[in-house]
Amino acid sequence: MTGTTTALADDARSAGPTASGTTPDAGFDPFARPTGWTHSRGVLFGEMLLFGLLSLTAAFVLSYDAVLLAANPGAVLSCDVNTVLSCGTVAQSWQAQVFGFPNAFLGLIAEPIVITTAVAALGGTRFPRWFLFAAQCVYLLGVVFAYWLFYQSMFVIGALCPWCLLITVSTTLVFASLLHWNVLEDNLYLPRGAQARLLGFVRSGAYGYLVAAWLVVLAVLVVLKYGPALLA
């Protein structure tokens, strides 16, 4: 471990000036945990709590709408704005019930776990490394599923559900906050070189810009695909 750390520190020194324009000193530790409010427990788990609550709210509304449509397939939902922004169109597609029941029911199961974890962490609970690694892996599956549904809505169904879009964004941000924390705490069981590079990426602030850019790209895709029809 000492040899690896020394080698990485040597690499960092030989790389020249940092983003701030200064050359790392001889005591630079690539595994040092960055400080600052953006890397704090309160901010990262606070974000998880906020976006977990938003996802749970959206899942509850979508679950209610699913029950409403089951009783009356012709019902007009509150988020049926136009032909593009139409929860009803999405809800009546087969993609809305991939596992034989409304997808929103999964949110009613998963999001309370996210919320509970965030609240416990904000209260000072320190979870085992394996628990947070497992949470990251499981939530990755949730992110993949959310983006599969986003793709299906965009390019197959041809309609967008505002509540589903909220879940896509919230799921992305919960995943990003959890990943941020797990990188800081070295919970991902990465090789030491990979951990140092990823920690450096987070330390530089580039990770936050990447997440923001990703969300902007999603918004641009929606506008480019549907344009004025969104407001028709």
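At 19% relative accessibility, D186 counts as buried (under 20% relative accessible area; exposed is over 50% and partly exposed lies in between, with a 1.4 Å probe and protein chains only). The model is predicted, so that local features require pLDDT of at least 70 and side-chain atom pairs pLDDT 80 or more, while totals for chains, interfaces and linings use all residues. Residues are numbered from 1 along each chain as its sequence is written, and side-chain values use heavy atoms, with hydrogens and water left out.

The protein chain contains eight helices and zero strands (DSSP runs, numbered from the N terminus: H or I of at least four residues for helices, E of at least two for strands). Of its 232 residues, 39% are buried. The protein chain exposes about 12300 Å², of which carbon and sulfur atoms supply 72% (Shrake-Rupley method, 1.4 Å probe; for residues, only the protein chains shown count as cover). Among contacts (heavy atoms within 4.5 Å) between residues at least 6 apart in sequence, 73% join residues at least 24 apart.

D186 is located in the loop between α6 (162-184) and α7 (192-203), and its phi is near 55°, a positive value in a residue other than glycine. Y189 is found in the loop between α6 and α7 and has a phi near 55°, also positive. Most residues other than glycine have a negative phi. Y189 is partly exposed, at 44% relative accessibility.

H39 lies in the loop between α1 (2-14) and α2 (41-71). Its relative accessible area is 7%, and H39 is therefore buried. The H39 side chain makes a polar contact with the side chain of H180 at 2.9 Å (a pair of N or O atoms within 3.5 Å; within protein, one must be able to donate a hydrogen and the other to accept it, and residues adjacent in sequence count only if both atoms are side-chain atoms). Beyond four places in sequence, the residues touched by H39 include R33, L44, W181, L184 and V202.

The largest nonpolar core has 33 residues, among which M48, L160 and L230 touch the most other members (buried Ala, Val, Leu, Ile, Met, Phe, Trp, Tyr and Cys residues joined through side-chain atoms within 4.5 Å). At least two residues of this core come from each of α2, α4 (104-122), α5 (129-157), α6, α7 and α8 (206-226), with α6 supplying the largest share, eight residues. Outside four places in sequence, the contacts of L160 include V84, V90, M154, V222 and L230. A second, separate core of 10 residues includes L69, L77, C79 and C87.
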